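User: Could you walk me through this model, starting with its charged pairs and then moving on to the packing?

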Amino acid sequence: MFYSIRHLTKFRYANPVSESVMETRMHPRGDGSQRCLTFHLAVSPRCRAFSYRDHLGNQVHHFDIPGQHLQLVVIAEALVDLQHPAEIPPSLTPQAWDELDALVRNGDFWEMLLPSEFATPTQSLLDLAKKLDVRRRDDPLQLLRELNSALYESFDYVPKSTKVDSPIDEAIRNQHGVCQDFAHIMIALVRTLRIPCRYVSGYLHRRMQDHDRSTDGATHAWVEALLPQFGWVGFDPTNNLVAGDRHIRTAIGRDYADVPPTKGVFRGETLSELSVAVRVTASEVAPEIDQGLPVPEDWSVLVEKTQELPPKPPAPPQLAQQQQQQQ
């Protein structure tokens, strides 16, 4: 299946800012059953964007806008070829625990085994683990499937119920959250079992017949756990799915802190407003992509022409962090 992806991000400032520095992780990965055929990044005000690959193989773009501006608009567009991954059986043999331990001993997976910024064991998490009977039993795959379903049943999906930097205890206490919270809770639980587990940032193509809980028009997040015979296998506790040919991966990391779609700072003293719009379109035939990056008509209200501002005298530097997109 081919997927055309448009991802628009707009920062609007109450007062002019004199500089914005930002990096983005919106370039779909090209590994496994997924290939990124084309990718374009457009920024307004216009600037030159540079790119590099981080240590986990994520493609990172970064840019600096030194002139004064009232808004910053970033539009990423990609064409991805995503084949159906190998079928995952319902379970493995009980000996799979020994195979997994041997795999971990012979590999370099420590980053995905240790606690991280948003996936740290707390007393609330340990209580949840006891409630859901999260312990080494049966086999790794069957246990992960059961945990995936248990989190789906135990927590409600409520958009905007948490913030981008909310700790997992907040979602555990309230028994609801967004896909970012579901992923962090599952990662923290799985790592207590000494199973390497990582955060995946990306997109989910929604179809009416699938009844997905996650919000349309937004980014998505799920997890990948290391399993013998199959390598990294994706689990989506928000929707109770094993990740398949609708899950489009952009970046992987220990947790959300490693893979935000946008991350940056601006120079100035002002309030800012963040708007995000995402559109994923599926096609069985590779569509043609316009190199000019046209903005969909229903998004035009989000992308106003940037007003040119007269230069002002230099002011003492005031750096503020850009808002980040929650997943």
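**Charged pairs and cores**

Analyst: Arg137 counts as buried, at 14% relative accessibility (buried means under 20% relative accessible area, exposed over 50%, partly exposed in between, with a 1.4 Å probe and protein chains only). This is a predicted model, in which local features need pLDDT of at least 70 and side-chain atom pairs count only at pLDDT 80 or more, while totals for chains, interfaces and linings use all residues. Residues are numbered from 1 along each chain as its sequence is written, and side-chain values use heavy atoms, with hydrogens and water left out.

User: Which residue forms a salt bridge with Arg137?

Analyst: Asp133 does, with the closest N and O atoms 3.2 Å apart, and Asp133 is partly exposed at 31%. A salt bridge here is a side-chain nitrogen of Lys or Arg within 4 Å of a carboxyl oxygen of Asp or Glu, and the structure holds 18 of them.

User: And what does Glu224 pair with?

Analyst: Glu224 forms a salt bridge with Arg198, the closest N and O atoms being 2.8 Å apart. Because Glu224 lies in strand β10 and Arg198 in strand β9, the pair ties together parts that are 26 residues apart in sequence; strands (E, at least two residues) and helices (H or I, at least four) are DSSP runs numbered from the N terminus. Glu224 is buried at 5% relative accessibility, and Arg198 is buried too, at 11%.

User: Where is Asp258, and is it buried or exposed?

Analyst: Asp258 sits in the loop between β13 (247-253) and β14 (262-267), and it is buried, with a relative accessible area of 17%. Asp258 forms a salt bridge with Arg254, at 2.8 Å between the closest N and O atoms, and Arg254 is partly exposed at 34%. Salt bridges that share partners also join Arg29, Asp31, Arg198, Glu224 and Arg249 into one network.

User: Switching to packing, which residues touch the most other members of the largest nonpolar core?

Analyst: Of its 46 residues, they are Leu128, Leu147, Leu151, Ile185, Met186, Leu189 and Phe235; such a core is a set of buried Ala, Val, Leu, Ile, Met, Phe, Trp, Tyr and Cys residues joined through side-chain atoms within 4.5 Å. The element that gives the most to this core is α5, with nine residues.

User: How confident is the predictor overall?

Analyst: The mean pLDDT (the predictor's confidence in each residue, from 0 to 100) is 91 for the chain, and 91% of its residues reach 70 or more. Over residues 300-311, however, the pLDDT is below 50.

Note on methods:
Contact means heavy atoms within 4.5 Å.
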